[in-house]
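I opened the notebook for a look through this model, element by element. Here is what I looked up, in the order I went.

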Amino acid sequence: MKDDAPGGGNTLAPADPTAPSPAGTTAPPTVAGFYAHSVDGKPESHWQTLPAHLHAVGRMAGESAAVFSAQALGQAIGWLHDLGKYTLPFQERLRGNPLRVDHSTWGARIAQQRLGHMGQLMAYGIAGHHAGLANGRGEGERTALADRLCADLPALHPAWEQDIALPARLGAPASFKPYSQNRQQATDRHPFQLAFLARMLFSCLVDADFIDTERFYLQAEGGTDHRRAGDAYPSLPALREQLDGYMGGLTARSDPDSDVNRLRADILRQVRQRAECDPGLFSLTVPTGGGKTLASLAFALDHAIRHGLRRVIFVIPFTSIVEQNAAVFREALGALGEAAVLEHHSAFIERQPPRDDPEKYQSDKKLRLAMENWDAPIVVTTAVQFFESLFAARPSQCRKLHNIAGSVVVLDEAQTMPLRLLKPCVATIDELARNYRASVVLCTATQPALEAPAFEGGLTGVRELAPEPARLFQQLERVRVRHIGTLDDAALAAHMRQREQVLCIVNNRRHARAVYEAMADLPGARHLTTLMCAKHRSEVLAEVRQMLKDKVPCRVVSTSLIEAGVDVDFPTVLRAEAGLDSIAQAAGRCNREGRRSIDASEVLVFGTDNEEWAPPPELAQYAQAAREVLRQCPDDPLSPETIARYFALLYWQKGGEALDVPDLMGLLKASRPDSLPMETLAAKFRMIDSVQMPVIVPYDGVARQALKDLEFAEGSLGLARKLQPYVVQLPRQGFDALYKAGAIQPVAPQKWGEQFMALVNLDIYNARCGLAWEHPTYMEIGNTIH
């Protein structure tokens, strides 16, 4: 196979390790054999040879990198990653010598010395393929790459050059396109692109390394390779066929004369027609209730099949919607849905394999890394998981990244990307579409204003999929939105008492509970909060939907969780001041099916006179911008034009620095290929500032049985997924206080440590409010939770 990079042309096929030395040369000194992995209790004939491992990893890494035109780079990083095992000290270690040996740095050094700028990028991944990516220079928890490249290393045996034929040089991927909005921004963005490429090559390497090592040990132990191969999944055409059948049945079951249903069908038809468009950046701007969830799935499948893309990845802001949308997709995909749809949103803290012994890490613990590598045809994940992985440094987090290339990525509720990281997120979206053959769809009813030049460093060439969004919003206008001033707690409770069916959405959990307690005596009073586990919330929502259907009193107070795609339909919604995008989401819970007149369907926005109930600091500017825009556009507050004005005002108020608070783009702009801050980027890119800790609530028999099963289970992944609906997330301070008080305890700590923490004081969990703290010991904790 020829080098497909500019300036290449060298044959990159690995040399045959069994071939004799060329005529007229002297063979290098020989040893008993070079091995990559040993097997306890078995002779060396059962060990994995080093050439076999390097060739296999190079082949797989090259295949993965070929999706973004970097096959030669992928092959080379795979061949070099374990080059340091061509040392006598490492081979002695495999034979029982306890001395630790650095086997990762030699390959990085050779890449940097022989393969130019691309070799420098590969050096990050080669040196970090066990411990993770380090900074090129400067301080960090890991030793900087520059320092490692200068370290004393055991002598490298020359046999490696018989086994591996490196090219003379390697250039950038053939299709690599620099950011080109203008010359200065192209220069500024270039280090970001290099760091992105280094991380993608690292992903190709660690995934291939994990897979080959796993296969070898499974075979050596006489086991079966249970890793699902890509061809074991349903094909995308088969999934589309199932979806088409489902959509046809849905149309037959729905009211064809309904204006809303006719409009949804028209949106679906026209969005699917746009699947012929070339891959790149898209927006899907459809009002809440317009059917964008299934429309986006249909477009994604059509587009992927038309252009040879490999999978569809749905990126969703909240775990609760991940579960909900994954269930919708499985239902829509029928018999194939269960095998096709992968959810990746584990709420449980991953236990890290020990790093005090890299070889033990490699031969034992890395086989137990349970991170998915996202090779399923449909992946449903959280925005936190998606974006933090794209800035990560750990092998387990980065393993999946190469499978984002060549995919359709649907960013659901795209406006929820955090402002403090908006510029790095936008740069990431642009880079995936520009150089990694991904089509990215910004899917929302409230489209953020992210296009250049208005947004500095923003997106270009974004194509709208929905037919005439402004017209759609007029056709799907179902509510009146107005600001009713400031309400104290008594006035808010009075509004709830005056209406038999009403939803009140507030900004924090303490306020929600206070409003609920003020009206708990009323018929149909219900409370929704993330202090309830998802299973509990689902039961409450089922009751709410039935009460609404039966037209009996139904008064619900909730935090913003109910705005996250929950299908309910109230005649009146009260919404505490928040961003205009949140107000639009609240409006989606009012007259959702269009069965009432617009004048009888109200969203009433209110301020609060209690400072404790004001929007949290991070939301205050959202609310301020919304107040200003509602004042300017009282008659058309949810139109695309008004939403665009709101986001432009919000971004202007925040200022450029506030859109990249950790200054990640600045850090990169000041770096060179040999000084990329890879570890620092991972440490600073945090979409959620406060650490949330999962607590399992033994809410019903299923949860209690799964907790018992943990004591005897060999693996935890299946049980962790079963327990997911029973988790409540607590801030670290609250979690620690409950732990200290003995209210939560680890499950089977002798086996799992503190990976699974369960609530044992069931007196502080009740059917109305979830996890609550009436006892003085817990009151201080409750005040820390929003």
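**Entry 1: helix 22**

How many residues of helix 22 (residues 580-587) are buried? I note first that this is a predicted model. I found eight of the eight residues buried, so helix 22 is largely enclosed by the rest of the structure.

Strand 11 (residues 501-505) and strand 14 (residues 572-576) run parallel and are joined by three bridges. Leu 503 has Val 573 in strand 14 as its bridge partner.

In what order do the seven strands of the open sheet come? I read 5-6-4-7-8-3-9, and the pairing is parallel. Strand 5 (341-344) and strand 9 (463-464) are at the edges with a single partner strand each, so one side of each has no neighbour in the sheet.

For a close look I picked strand 3 (residues 281-285) and strand 8 (residues 439-444), which run parallel and are joined by five bridges. Phe 282 stands opposite Val 441 in strand 8. Helix 11 (residues 292-307) lies across strand 3, strand 4 (311-316), strand 6 (378-382), strand 7 (407-412) and strand 8. The angle of helix 11 to strand 7 is about 165°.

**Entry 2: salt bridges**

I turned to charged pairs next. How many salt bridges are there? The count comes to 33 salt bridges, and I went through a few of them.

- Asp 82 pairs with Lys 85, with the closest N and O atoms 3.0 Å apart. Asp 82 and Lys 85 are both buried.
- Glu 343 and Arg 330 meet at 2.9 Å, N to O. Glu 343 sits in strand 5 and Arg 330 in helix 12 (residues 319-332), so the pair ties together parts that are 13 residues apart in sequence. I found Glu 343 buried, and Arg 330 buried as well.
- Arg 482 forms a salt bridge with Glu 602, and the closest N and O atoms are 3.0 Å apart. Arg 482 is in strand 10 (residues 480-487) and Glu 602 in strand 15 (residues 602-608), so this pair ties together parts that are 120 residues apart in sequence. Arg 482 counts as partly exposed, at 41% relative accessibility.

I also noted a network: salt bridges that share partners join Arg 240, Asp 244, Arg 272 and Asp 302.

**Entry 3: Arg 199**

What does the side chain of Arg 199 reach? Arg 199 lies in helix 8 (residues 183-220). I found Arg 199 buried yet without a salt bridge. The nearest side chain of opposite charge is Glu 431, and it is 9.6 Å away. The side chain of Arg 199 does reach the backbone oxygen of Leu 390, at 2.9 Å. Among the residues Arg 199 touches are Leu 133, Ser 389, Phe 391, Cys 398, Met 678 and Leu 681.

I finished with the backbone. The peptide bond from Ala 452 to Pro 453 is cis, with omega near 5°. Pro 453 lies in the loop between strand 8 and strand 9.

Glu 468 is not a glycine, although its phi is positive at about 45°. I placed Glu 468 in the loop between strand 9 and helix 18 (469-475), and at 53% relative accessibility Glu 468 counts as exposed. Asp 663 also has a positive phi, about 55°, without being a glycine. Asp 663 lies in the loop between helix 24 (640-658) and helix 25 (664-669). With a relative accessible area of 40%, Asp 663 is partly exposed.

Notes: Residues are numbered from 1 along each chain as its sequence is written. This is a predicted model: local features need pLDDT of at least 70, side-chain atom pairs count only at pLDDT 80 or more; totals for chains, interfaces and linings use all residues. Side-chain values use heavy atoms; hydrogens and water are left out. Helices (H or I, at least four residues) and strands (E, at least two) are DSSP runs, numbered from the N terminus. Buried means under 20% relative accessible area, exposed over 50%, partly exposed in between (1.4 Å probe, protein chains only). Lys and Arg count as positive and Asp and Glu as negative; His and the chain ends are not counted. A salt bridge is a side-chain nitrogen of Lys or Arg within 4 Å of a carboxyl oxygen of Asp or Glu. A polar contact is a pair of N or O atoms within 3.5 Å; within protein, one must be able to donate a hydrogen and the other to accept it, and residues adjacent in sequence count only if both atoms are side-chain atoms. Contact means heavy atoms within 4.5 Å. Two strands pair if DSSP finds at least two bridges between them. Axes are lines fitted to C-alpha atoms, for helices over the stretch in contact, and angles run from 0 to 180 degrees between N-to-C directions. Lists of a residue's contacts leave out its neighbours within four places in sequence.
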